[in-house]
Amino acid sequence: MAPSPWLLLWVLASAASGAVDNCHPGCHCDVESFGLFDSFSLTRVDCQGLGPGIAMPVAIPLDTTHLDLSFNAMHGPLTNTMLAGPGYTTLISLDLSNNHITKISPNALSKLRYLESLDLSHNGLERLSPSCFSGLPLAEVDLSHNSFREFDMDVFTNKANGEPVTIELTHNKLVSVSATVHGRVLHIQSLNLSANQLSSVPDLTGLSLRSLSLDANPITRITAGSFAHLKDLIFLSISDLHDLQEIEPRSFKGLQSLQVLDLTNNPKLKTLSPAIFSGLDSLEELNLSGSGVTSLPKNMLSHLASIKRISLGNGVQCWRSQKQAQFHRQLGQLQHDDVLSCNEEVAML
């Protein structure tokens, strides 16, 4: 005998309620099942915009891996008890953006031992407690749109083991921070420091970054060797620097893995010398749209062995191409010379 429709509905409702057990009434919880016979499940919890006065910690399912707590107007410090309890120890991704968080207590994140991605953007942070990320397997951190004037590398260390590291940071005209850290630097791969108050490129020695954004900071000059120790970096964005006037020769030296360089919307940046591109052997894309650069160095291709595309203002696009082949008398073979071809005329200096 076939089961009645009402019985089927009851079974489905029971399964659904079990899937989101311990889910806060204002949150939305989704379960994703994997593996043979759906034996493995992950839960995504969306608790954004619950409003001020929300009681922390918010109740979430035991197997939660992704938690969105953005836009909850926390207005104050993130304390040691706000991210503790069932469900938090399995988190892989946590979004705390747009909460007016002013401070993070030293152990506020200590229970999140599987956390790989953390979004703290659009808050009121001016500094972080030393080693506040200690012990976390973080790979991606978004600290954009805060109020950092200095950045202490202590926050990216694990004091459990490793060799001593000495780090000296000078991040603006007034502040010089020196710290000796007995621990190993975490393997952060993506770091977003956009829209803070940094007036120079921070010293990020020791981080194995693959992506870095310093957009919209009051940086006026990029000096030689600013990125010298970021040999694994693939993507670098230093756009919307409205005070940037100069990039010194060899500023990008050491970035042998860099593939994309974003220099868009830097209106006071007028010229680029060929030596700026020294060491960028892997660079494939250079974006100068919205900058003050209207001409390109004639011999820049000698520094950019892998370049494929260069973008300038007003929709000008340039790409690598080959001149018409010529016969070499001594070698007796055709030779090709690489040149820059553009969809509009560009001055080559």
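Analyst: Let's start with Phe 71, which sits in the loop between β3 and β4 (76-78). Keep in mind that this is a predicted model. Phe 71 is not a glycine, yet its phi is positive, at about 55°. Most residues other than glycine have a negative phi, and most peptide bonds are trans.

The loop between β2 (40-46) and β3 (64-68) holds Pro 57. The peptide bond running from Met 56 to Pro 57 is cis, with omega near 0°.

On to the charged side chains. Side chains of opposite charge can pair when their charged atoms come close. The structure holds five salt bridges, and here are some of them. Glu 246 pairs with Arg 221, with 2.9 Å between the closest N and O atoms. This pair links distant parts of the chain: Glu 246 is in strand β17 (residues 246-247) and Arg 221 in strand β15 (residues 221-222), 25 residues apart. Both ends are partly exposed, Glu 246 with a relative accessible area of 33% and Arg 221 with 41%.

Arg 309 and Glu 285 form another salt bridge, at 3.1 Å from N to O. Arg 309 belongs to strand β21 (residues 309-311) and Glu 285 to strand β19 (residues 285-287), so this bridge ties together parts that lie 24 residues apart in sequence. Arg 309 is partly exposed at 39% relative accessible area, and Glu 285 is partly exposed at 25%.

Then there's Asp 232 with Lys 231, a salt bridge at 3.6 Å, N to O. Asp 232 is partly exposed, with a relative accessible area of 30%, and Lys 231 counts as partly exposed at 46%.

Finally, a word on confidence. The chain's mean pLDDT is 80, and 77% of its residues reach 70 or more. Over residues 1-19 pLDDT stays under 50, and the model has two contacts beyond four places in sequence for them. Residues 159-184 also stay under 50, with 61 contacts beyond four places in sequence in the model. Where pLDDT is low, the predicted coordinates should not be read in detail.

Definitions and conventions:
Residues numbered from 1 in each chain as written. Heavy atoms only, no water. Salt bridge = Lys/Arg side-chain N within 4 Å of Asp/Glu carboxyl O. Helix = DSSP H or I, 4+ residues; strand = E, 2+ residues; numbered from the N terminus. Buried < 20%, exposed > 50% of the residue type's maximum accessible area, 1.4 Å probe, protein only. pLDDT = per-residue confidence, 0-100. Contact = heavy atoms within 4.5 Å.
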